[in-house]
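Here is a short briefing on one protein structure. Keep the sequence and the 3D view open as you read.

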Amino acid sequence: MSAQYRPYRDEDHCDGLENDNLNWGDNEPGSIQIYEKTTEDLPFSSNRRFVLSALGVTLITFVVGFVIGYFVHTNHAACIPNISVALHSTKDEDTTISRKIIEKVNAENLRHFVKVFSNEARFPGSERDLFLVKQIENSFRQSHFDETEIKNYTVLLSVPDDDHPNSVEIIDIEGKTTLFSHKIYDAKKKYVAFSAYSPAANITGDIVFVNYGRAQDYQYLQDVYNISVEGKIVIAKQFHLAADEQLLYAQEKNAAALLLYTEPGDYFDEKDAWNIPPDAIRSDSLLWNGLGDPQTPGIPSTESALRLPLNAINILPKIPVQPISIATAYELLGLMGGKPVPKDWAGVFNFTYRLGAGFQNTSLKLRLQVNNKYVNRTIHNVIGYMKGHVEPDRYVILGNHRDSWVNGAIDAAGGSAVFMELINVFGELRSRGWKPRRTIMFCSWGADEYNLIGSTEWLEENYKILYSRAVAYINADVVVLGNGSITADASPLLYNVLYNATKEVPNPDTNDEHKTVYDKWLYTFPTMHNYSQLVVPITYFKNNFIQEEVADYHNEVFGGNEENEMIDDIESPSLFRSYLNSATIQIRPKIRQLNTRSVFTSFFSNAGIPSIEMTYVPFASHEDADFFLHPLIHSQYDDFELVDSVIDPSFKCHKAVTQVIGEVIRDLSDSLFIPFNLLHYAQVLKDLSSALHIKVLSNMKLKDINIMTLESAVHNFTKAALNFHYHQEKADLKDPMAIRRINDQLLLLERALLHPSGLPRNRMKKHIIMSPSETSSPYDDTFPGLMDEFAVLIESSFLAVQSWDILKKHFADLIYTIQTAANILNDMP
């Protein structure tokens, strides 16, 4: 008895069904809810041919008429769910939507939103924050989103004491007088600068200048000058490291306290100098480990969560930290004693920078008073859902953090403006009958300046769902820093989507010779591969290649199956050819690896959800200091006036970024196949492996590493990727289950690169291929876990036995992980 397929439901009519709020069952990867199998006999008698013929003609007429009628009208919300989904499940996206999104983005709207969001500080849980929460919720409803949700979490925050501002003083311990006193408070802007989670303390002592507060800076002080910072108050420039990183190094050296300031010389070159107000001070969180709320690590901080008491939280800072202004730093540094600093440590102040310890007048001491306090507050995430009409259980997520230290026009009212404008754009499309294939989530996060709390708590609460169903996370944060070119940080799976989107958006500089955002990006930040470095041999994808030159490669990749056509037999244009061409371009725009400084951290490093973030930057960007591309971020001068008059007066760059993000969302949510080009990942793996190979060959002490086993795994992944896309091209597009199976394999690929052990020096970073390294290392162009152990081995002259053992174990984990990812792409035998 042969198996038949029938719809899950048996309704016969479209009219009168109460299904406005359809909630198709959530399905895990690999499952589909369109048909069910049955072994029942078809209910026709074999001796009634005339009746059968009549019924057949009638049925054909009905189906043809229904299909014509279905596609003539545009609103199918009242149709039978099975037929509606089945018809659309094999239908590709509406290609006109892309142009509509780009045309509908309005620069004046973006300017309005930046002004509204940066009107005053958006402190988590404040009245202003609650006002914006309601505004966003109303926008979702007015824009025809299917569902709106506010998720609340009670978390541990750190706040300054408004009645007792933090202060820095220079005192004469002999005369018991105060020579200099500065309370860290801007009365005009009602701004108290502080380092969140710094403990309260009252410290008096000598001061030591430690340059940028890096590990090598402390080591240089010890080795060359025999200066120990133990028990001293250290002062450091903020530029190369974030405040939490500088804190860790200061704590390791047993410093008593840490002062941080912006050095004007770091933002000065031969062409330009930044106009930094002398009283500008930036605030930062000292807690930045990707765990969200420090009282509920690993679990969401819901009402029922068990919270750690303060004295049991071992990740909180141990020493007080306070940011100071340029003017205050000038006063302190100008009085310091000790030897002159090395030439490359000096800044632009008109005096000799000195190391200390202490002041030239030895009776002078520095007194630091920090009055911060810990509080538990309720924060709010606002989430809007635009449900997919074919795959509602597959999610494309756009996120933006709503909170700020002060006005936060750059960080991140700009991202909030992008977020709000795209609510309008997609809402208007929805009102005209368009629905994405997959569900789009718009997520406004609260308290993400505090250790990414809002986004992390939500991810923790929904981890199992998102792990199985999230397609990608797009982050809108600091979207514009200048008007030069776009830059991006992304998972390799999203390279293809980003390249295509930037090719669709016009260059906002209409006087420039480069016509699109992509063209300008390629010109500004190019990266090049030699033919020998490309993941696929150059002859393989030539349109007119010689068959003998690729026959061996073709047989290896496709197993010598004579039923498979040669690649050049696939008619052009084709998906497979476009993927090959994209992955084998010699010169392409540079896309940086994702770091741990933004909201996507938990989504990518912990959950394996492909993530992306993009920013317009000035041409004079510092490649080695992208965290501090603008000195006024997180300060009281990051306001609307700065953006409106200096950064992007016409808001044309904000518009361009919004258009690109809108197109990325459309492509991910509405394409028949999830638009991941696996060959880009294969290229990244090959680059990382090749860099490791060079290091191994150049250092005989690494000879115990059998690099060929890793290269074999990378080669297997490349073959699997080629084979996957080749057969994707040949998939039966009339079979919804075939489409679903391919999409599930694509969705699971990034997850396959997670390892339960994580990086050897940070188990929370589960993505062992692309997570950022934990150390600074000369091996920074290869796999992060190996990079960390290499750094330790180099420092110990390769005598650290434990690091050798860790390295060998992690090397085996890498091979296993890459091979597992290759297996994900292959069908089970």
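**A sheet, a helix and a buried serine**

Strand β9 (residues 233-237) pairs with strand β10 (residues 257-261) in the parallel sense, over five bridges. Keep in mind that this is a predicted model.

**The sheet**
- A236 has L260, in β10, as its bridge partner.
- Helix α7 (residues 243-252) packs on the sheet and touches β9, β10 and β12. The direction of α7 makes about 145 degrees with that of β10.
- The open sheet has four strands, in the order β8-β9-β10-β12, with parallel pairing.
- The edges are β8 (207-209) and β12 (321-323). Each has a single partner strand, so one side of each is left without a neighbour in the sheet.
- From one strand to the next, the twist averages 25 degrees.

**Helix α4**
- In helix α4 (residues 107-117), the buried residues are A107, L110, F113, V114 and F117.
- Seen down the axis of α4, these buried residues fall within an arc of 120 degrees, so they line one face of the helix.
- An α-helix has 3.6 residues a turn, so residues three or four places apart point the same way.
- The buried residues of α4 pack against α5 (127-142), α9 (409-431), α17 (640-647) and α18 (652-670).
- At the start of α4, a side-chain oxygen of N106 comes to within 2.8 Å of the backbone nitrogen of E108.

**Residue S195**
- S195 sits in strand β6 (residues 195-196).
- Its relative accessibility is 2%, so S195 counts as buried; the cut-off is under 20%.
- Leaving out residues up to four places away in sequence, S195 touches D284, L286, V321, Q322, P323 and N372.

Key:
Residues numbered from 1 in each chain as written. Predicted model: local features only at pLDDT ≥ 70, side-chain atom pairs only at ≥ 80, totals over all residues. Heavy atoms only, no water. Helix = DSSP H or I, 4+ residues; strand = E, 2+ residues; numbered from the N terminus. Buried < 20%, exposed > 50% of the residue type's maximum accessible area, 1.4 Å probe, protein only. Contact = heavy atoms within 4.5 Å. Pairing = 2+ DSSP bridges. Axes fitted to C-alpha atoms, helices over the stretch in contact; angles between N-to-C directions. Arc of directions from axis to C-beta. Polar contact = N/O pair within 3.5 Å; in protein donor to acceptor, adjacent residues only side chain to side chain.
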